[in-house]
Amino acid sequence: MRKYLTILVLLLAAMLTTHRGVAQEIVLGADFTTLFDNKEYAKLDDIASGTLFSARLTPRVGIRWQQRNELMFGVDMVQGFGHKAKFLSDANVQLYYAYRAPRLTALAGIFPRSEQRGMRTQLLFDRDYRYRNNRIGGVLMRYEGRKAENSFLEFVFDYTSMREFDSREAFTLMMSGEVEVSSFYLGVDLMLGHYAKDYNPATEDGVVDNAFALPYLGYRPSFGGFEMDLRLSYMQAVQRDRITREGWQMPRGGELYLAISRWGVTLANRLYVGKSLFPFWDKYGQELYFGTPHYATSGGIYEAVEVCYRRAFFSDTVRLGAGITAEYDGTGWGTRQWVELGVVLDYGIALKVKH
């Protein structure tokens, strides 16, 4: 924690010596999340059961100038429940610059994953991965249409691991876009990942290129107080492990998603039919793939039926969610139960400074 306090002091000093005549705001904020995510997959082949139960607090301080520019510093502190011998299970820094205009957003540095608008499919990022890896190290650029809630185009570069003695290089390029007309919407998620382990035939570890393309078409009507989301997706994977002679693997499939919501309660069904989209799952597992492991199904099908509750309170500063999912991967059924509480205090205090 001492090094983080040092960075905080230096940042505050920089705030007080910024360009003369430029109006500034010293801004504060904090995010808090606690997540219980329990997986019971004993009857499923090659998918591990387990429980994630922990809390995260991320206080932030920074400076905003000319209304659109921000320089932010935060400390991401995580405490796993049951880790009695540790003060913190993990602590990491957030340090980033942000430019926020009505239709253009740009970030550079280490910033919260919540800044990313696209890539919401469970194929690419599972719930527990987003919680455990809630930071992006790199850049984000997003352009939004005149009605920001309806259309956007986003590019993200996330450098997740530097090649060192005990780690390997890994990075991900992502692009997402969506356009909505009336109640219909059309979009695409594109991901290109690079994962470099020891290029060593003795251990059979190599360099893996993995790409995904997910075009989708959806319909979101409202009727009688109910909200519906019907989405059809095509999922194409293009992957290879350079250390083998198997060449490129190109599995594909289709997914139909249907959800109906009212009073904060949602009943949803997800049905995927196709090949295993994670062909190297047995070899690399979650080091390479970040999505729900059921997409590595050997049974040619993934079915998920979920009932959940989501509501926001106190002017959208407190968010509560809970749900249970029954999942089938062609080999058996499993269940997943989760409860999540989030608090968002975005720039709750501002002190205007002008030199």
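Predicted model: local features only at pLDDT ≥ 70, side-chain atom pairs only at ≥ 80, totals over all residues.
Local features were taken at pLDDT of at least 70 and side-chain atom pairs at pLDDT 80 or more, while totals for chains, interfaces and linings use all residues. Residues are numbered from 1 along each chain as its sequence is written, and side-chain values rest on heavy atoms, with hydrogens and water left out.

The structure contains 22 aromatic pairs, where rings of Phe, Tyr and Trp (its six-membered ring) pair if their centres lie within 6.5 Å, with planes under 30 degrees apart counted as stacked, over 60 as edge-to-face and the rest as tilted. One of them is tilted, because the rings of Trp65 and Tyr97 have centres 6.3 Å apart and planes at 40°. This pair joins distant parts of the chain, with Trp65 in strand β2 (residues 50-65) and Tyr97 in strand β4 (residues 90-100), 32 residues apart; helices (H or I, at least four residues) and strands (E, at least two) are DSSP runs, numbered from the N terminus. Trp65, at 25% relative accessibility, is partly exposed, and Tyr97 is likewise partly exposed at 31% (buried means under 20% relative accessible area, exposed over 50%, partly exposed in between; 1.4 Å probe, protein chains only).

Tyr195 and Tyr284 form an edge-to-face pair, because their ring centres are 5.8 Å apart and their planes at 80°. Here strand β9 (residues 184-200) supplies Tyr195 and helix α3 (residues 281-284) supplies Tyr284, 89 residues apart. Both tyrosines, Tyr195 and Tyr284, are buried.

Phe212, Phe278, Trp281 and Tyr289 make up one aromatic cluster.
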